[in-house]
Amino acid sequence: MDSLNPDTSFKDWIASDLRFYREREGLSLPQLGEVMGAAKATVSNLEHARDGWNLNEDQAEKLDAFLGLNHHFRRLVRYARTAHDPDWFAEYAMHEAKALVIRSFRLSYCPGIFQTPEYARALLREAGLEKDVEAAVESRLKRQEVLTRENPPYVWVVMDEDVLHRQVGDREVFRAQLAKLHEVATLPNVTIRIVPKSAGFYLGLDGSFNTLAMPKGELVFVEAPGGGRLIQDSAEVRDFGVRWDLIGACALPWDVTLALLAQAMERFS
């Protein structure tokens with residue numbers, strides 16, 4: 001419990017308050033579980049803010065009614081769904097490893113799941129935000145194991161054409177990254193498409209996002225400077241599904257994208 005930080009994470013705030021009120025009322029884990037309509041293990045996982053465990057609105061309302069908290073937990077759950085989370089990536093990587101389908105729109109740079117070590121290292125160093133660059137590179141390479149796991153996910157990536165022109169690292173590093181994109185684009189479970197400059201304005205210009213189809217439901221992750229946001233609300237997830245379709249309508253076909261990648265590699269030879 002000492003690792004929880006309620007000042008920076010809504011999930012930790014919920015976990016900390018859940019334990020505080022349980023102990024204040026002198027309730028055991030099973031007793032609070034009865035109040036919430038949940039198992040003892042669920043309460044324990046929520047109190048420790050374990051990955052993959054989130055308090056839902058029904059449980060929150062039962063807690064608020066029992067404890068007389070004037071919708072305290074319900075508000076926390078609601079704001080947690082829309083909050084900026086500095087530690088979003090750890091939860092994202094956990095879900096990504098189990099996803100059935102990964103859809104990613106990238107506006108500015110190559111998706112981490114396709115990055116070469118040299119490109120990732122150059123990107124992180126130029127950004128200057130990582131204290132341990134090598135650990136961050138290793139984490140990105142670890143994510144790529146999802147592409148070759150047993151029963152790998154279908155991976156659909158749409159990228160703005162600027163990604164093929166925005167050099168990261170020296171010419172050799174960038175050409176190797178373009179070659180990696182061309183290579184993975186030929187995998188049977190991977191499709192990469194480019195939105196060309198000729199598309200002009202399109203919906204994706206306001207930012208990158210990832211959608212994960214999980215065994216139960218879908219999740220959307222939206223990045224932002226210094227953090228990101230996990231979206232689980234079904235209505236907002238549907239909105240991002242529409243956004244994905246509209247962006248995809250502006251993208252080049254797969255075979256034309258492969259040719260464009262090959263041309264980009266030639267430019268950096």
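Predicted model: local features only at pLDDT ≥ 70, side-chain atom pairs only at ≥ 80, totals over all residues.
Residues are numbered from 1 along each chain as its sequence is written, and side-chain values use heavy atoms, with hydrogens and water left out.

Let me start with the chain as a whole. It has 11 helices and 6 strands, where helices (H or I, at least four residues) and strands (E, at least two) are DSSP runs numbered from the N terminus. Taken along the principal axes, the C-alpha atoms fill a box of roughly 70 × 35 × 35 Å. Of the 269 residues, 48% are buried; buried means under 20% relative accessible area, exposed means over 50%, and partly exposed is in between, with a 1.4 Å probe and protein chains only. If we take the contacts (heavy atoms within 4.5 Å) with a separation of 6 or more, residues 24 or more positions apart account for 70% of them.

Now to the cores. A nonpolar core here is a set of buried Ala, Val, Leu, Ile, Met, Phe, Trp, Tyr and Cys residues joined through side-chain atoms within 4.5 Å. The largest one has 38 residues, and those with the most contacts inside it are Phe114, Leu164, Leu178, Leu181 and Ile192. Two or more residues come from each of helix H7 (117–127), strand S2 (154–160), helix H9 (171–184), strand S3 (190–195), strand S5 (218–224) and helix H11 (254–267). A second, separate core has 19 residues, including Leu18, Leu67, Leu76 and Val77. Going back to leucine 178, and leaving aside neighbours within four places in sequence, its contacts are Leu164, Ala264, Met265 and Phe268.

Which strand is largely enclosed by the rest of the structure? That is strand S4, residues 209–213, because 5 of its 5 residues are buried. Both of its faces are covered, with Phe209, Thr211 and Ala213 buried on one side and Asn210 and Leu212 buried on the other. Strand S1, residues 101–106, runs antiparallel to S4 and is joined to it by 5 bridges, strands being paired if DSSP finds at least two bridges between them. Within that pairing, arginine 103 has threonine 211 of S4 as its bridge partner.

I turn next to the helices around H3. Helix H1 (residues 10–24) and helix H3 (residues 40–47) have axes that come within 7 Å and cross at roughly 125°; the axes are lines fitted to C-alpha atoms, for helices over the stretch in contact, and angles run from 0 to 180 degrees between N-to-C directions. That makes H1 oblique to H3, given that angles under 35 degrees count as roughly parallel, over 145 as roughly antiparallel, 65 to 115 as roughly perpendicular and the rest as oblique. Ala15, Leu18, Arg19 and Arg22 of H1 make this contact with Val43, Leu46 and Glu47 of H3. The axes of helix H2 (residues 29–36) and H3 come within 8 Å and cross at roughly 100°, which makes H2 roughly perpendicular to H3. In H3 itself, 6 of the 8 residues are buried, so the helix is largely enclosed by the rest of the structure. Those buried residues are Thr42, Val43, Ser44, Asn45, Leu46 and Glu47, and they pack against H1, H2 and helix H4 (57–67).

Finally, some loop residues. Most residues other than glycine have a negative phi. Alanine 49, however, has a positive phi of about 50° although it is not a glycine; this alanine lies in the loop between H3 and H4 and counts as buried at 14% relative accessibility. Asparagine 151 also has a positive phi, near 55°, but it is exposed, with a relative accessible area of 62%. Asparagine 151 is found in the loop between H8 and S2, and leucine 147 is found in the loop between helix H8 (133–143) and S2. Leucine 147 is buried, at 9% relative accessible area, and, not counting residues up to four places away in sequence, touches Ile113, Phe114, Pro152, Val155, Asn189 and Val190.
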